[in-house]
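I opened the notebook with a simple plan: look up a few places in this model and jot down what turned up. Come along if you like.

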Amino acid sequence: MRRSISILVLFFAAFPLFAQAPFPAPWPKPMAPEAYWQTLMTGNATYMAGALPYTGLQAQRDANVAGQNPPVTVFSCADSRVPPELIFGRGIGDLFVVRVAGNVAGPFDIASIEYAIAHDWTRLIVVMGHEDCGAVKAALDPNDPATPSLVALVQRIRESFIGWPTWTGPDKTERAIEANARSSAAYLLAHSEVIRKAVLDHKVGLIVAYYNLKSGKVEEVAP
Ligand SMILES: [Zn+2]
């Protein structure tokens, strides 16, 4: 009996991939932009449950050596607590990720997103703000930060604060973060003909999202 158990243990140690399907699974293709969002939400639920097995990274690494084709572009904050691949349960070659403090777009961020669209990779753009964003909190501070570059950053974020005078409750920061994320998405449309045309032609979806630090949940932000 003990010997047969040992053989079983040896089998699964030697062939761990037999025990479960490779994760992340490849993107089902082709899909409508909304279907990519649903797949991201499924991955987010797995991440929230603390159940990301990541058995397929080696295979993904090999499969993407010759080139990439990431159907989802994520534009999010540089905050170390907001790693898009983990949050959405995806792996190598899955997401085209552009990150900058406060998820506010400058010319090179826009160029990065245009690059992915021009290669006909992108089917969905997710602009994602997050709970406790330091850049947005600095923008809510009436005083300017210490350097010209930081001032430029918070000034851009403040341009989204139309409702600022009415934000008095405990959700003030969250409302500011959502306003900034919506504004960032609008900025992409206003300042890039490539992005604007792709979205208005319904070739590429555009979703504004909010990431909760503690639960790990990503929620769509209402327009
Ligand atoms: Zn942030």
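**Entry 1: Ser 184.** I began at Ser 184, which has its place in helix H8 (helices are DSSP runs of H or I with at least four residues, strands are runs of E with at least two, both numbered from the N terminus). Is Ser 184 buried or exposed? I found Ser 184 buried, with a relative accessible area of 3% (buried means under 20%, exposed over 50%, partly exposed in between, with a 1.4 Å probe and protein chains only). Leaving aside neighbours within four places in sequence, I listed its contacts as Phe 75, Gly 102, Asn 103, Val 104 and Val 127 (a contact means heavy atoms within 4.5 Å).

**Entry 2: what I am looking at.** A reminder to myself: this is a predicted model, where local features need pLDDT of at least 70, side-chain atom pairs count only at pLDDT 80 or more, and totals for chains, interfaces and linings use all residues. Residues are numbered from 1 along each chain as its sequence is written, and side-chain values use heavy atoms, with hydrogens and water left out. The average pLDDT of the protein is 92, and 91% of the residues score at least 70 (pLDDT is the predictor's confidence in each residue, from 0 to 100). I marked residues 5-14 with a caution, as pLDDT stays under 50 there. For that stretch the model has 2 contacts beyond four places in sequence.

**Entry 3: Asn 103.** From Ser 184 I followed the contact to Asn 103. Asn 103 sits in the loop between strand S2 (95-99) and helix H5 (107-118). Its phi is near 40°, a positive value in a residue other than glycine. I noted Asn 103 as buried, with a relative accessible area of 1%. Not counting residues up to four places away in sequence, Asn 103 touches Phe 75, Ser 76, Cys 77, Met 128, Gly 129, Asn 180, Ala 181 and Ser 184.

**Entry 4: the zinc ion.** Which atoms coordinate the zinc ion? I read off Cys 77 (SG), His 130 (NE2) and Cys 133 (SG), at 2.0 to 2.3 Å. Donors here are N, O and S atoms within 2.8 Å of the metal (3.2 Å for Na, K and Ca), and water is not among the atoms, so sites may look incomplete. Along the chain the donors follow the spacing C-x52-H-x2-C. His 130 and Cys 133 are both buried.

**Entry 5: the cavity.** The method uses a 1 Å grid over the protein atoms alone: a cavity is a set of points where a 1.4 Å probe fits but cannot get out, a pocket is an open set with protein on both sides within 12 Å along at least five of seven lines, and lining residues have an atom within 4 Å of a point. Grid points are joined across faces, edges and corners, and a volume is the space filled by probe spheres set on the points. The count came to 1 cavity of 30 Å³ or more, and the largest cavity holds about 30 Å³.

Entry 6: The largest pocket has about 280 Å³ of space. Of its 16 lining residues, Pro 26, Gln 60, Ala 63, Asn 64 and Asp 94 are the closest to its centre. The second largest pocket has a volume of about 160 Å³. Its lining includes Arg 182, Leu 189, Val 208 and Glu 220. Helix H8 (172-191) and strand S4 (205-211) are the elements that give two or more residues to it.

**Entry 7: loops.** I finished with some backbone details. The peptide bond from Phe 23 to Pro 24 is cis, with omega near 0°, and Pro 24 is found in the loop between helix H1 (2-14) and helix H2 (33-48). Asp 120 has a positive phi of about 60° although it is not a glycine; I placed Asp 120 in the loop between H5 and strand S3 (124-130).
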